[in-house]
Amino acid sequence: MRRAALLGAGAVVALAAVAVASAEEVPGERTAEADARPMPGLLGKGLWRVFTALAPRTRLDVHDVAGRDRRVLWPPNWTVCTQYPTEGAALDGRTTVVIGVVKKGESCPPRVTSARR
């Protein structure tokens, strides 16, 4: 009987310690606001620069704005025409970055350059 009571009391103490530890803010713990970064300006740069400028876990949607619906298989061969969000906007873990690209050597379509984000 004493052994069961001792084990029960030990479990209660352990659960209380976990509850107190989870209620306190850990000094090294980061929040979504602390992880927010400004969006870099990427227009006119190579697509590879997008991958190196953004955090590794940033959600990214890349599409061909030339209207040919081509797949982007080799990022160094593409140039950025549009970006959303705009330069300087705060990026957090919920933001999806949308990048419009064309192949290097091609110019951005007029409809895209007039509506650049």
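## Arg68 and Glu106

In this predicted model, Arg68 and Glu106 join their side chains in a salt bridge, with 3.1 Å from N to O. The two residues come from distant parts of the chain, 38 residues apart. Arg68 lies in the loop between strand E2 (59-64) and E3. Glu106 lies in the loop between strand E5 (96-103) and helix H4 (110-114).

Their surroundings can be read from accessibility. Arg68 is exposed, at 53% relative accessibility. Glu106 is partly exposed, at 29%.

## Other salt bridges

The structure holds 4 salt bridges. One of them pairs the side chains of Asp64 and Arg70, at 2.9 Å from N to O. Asp64 has 10% relative accessibility, so Asp64 counts as buried. Arg70 has a relative accessible area of 23% and is partly exposed.

Another salt bridge links the side chains of Arg94 and Asp92, at 3.0 Å from N to O. Arg94 is exposed, with 61% relative accessibility. Asp92 is partly exposed, with 24%. A network is also present: salt bridges with shared partners join Asp64, Arg68, Arg70 and Glu106.

## Thr79 in strand E3

Thr79 sits in strand E3, which covers residues 78-84. Is this residue buried or exposed, at a relative accessible area of 18%? Thr79 is buried, because buried means under 20%.

Its contacts, leaving aside neighbours within four places in sequence, are with Gly44, Lys45, Gly46, Gly100, Val101, Val102 and Lys104.

How values were computed: Residues are numbered from 1 along each chain as its sequence is written. This is a predicted model: local features need pLDDT of at least 70, side-chain atom pairs count only at pLDDT 80 or more; totals for chains, interfaces and linings use all residues. Side-chain values use heavy atoms; hydrogens and water are left out. Helices (H or I, at least four residues) and strands (E, at least two) are DSSP runs, numbered from the N terminus. Buried means under 20% relative accessible area, exposed over 50%, partly exposed in between (1.4 Å probe, protein chains only). Contact means heavy atoms within 4.5 Å.
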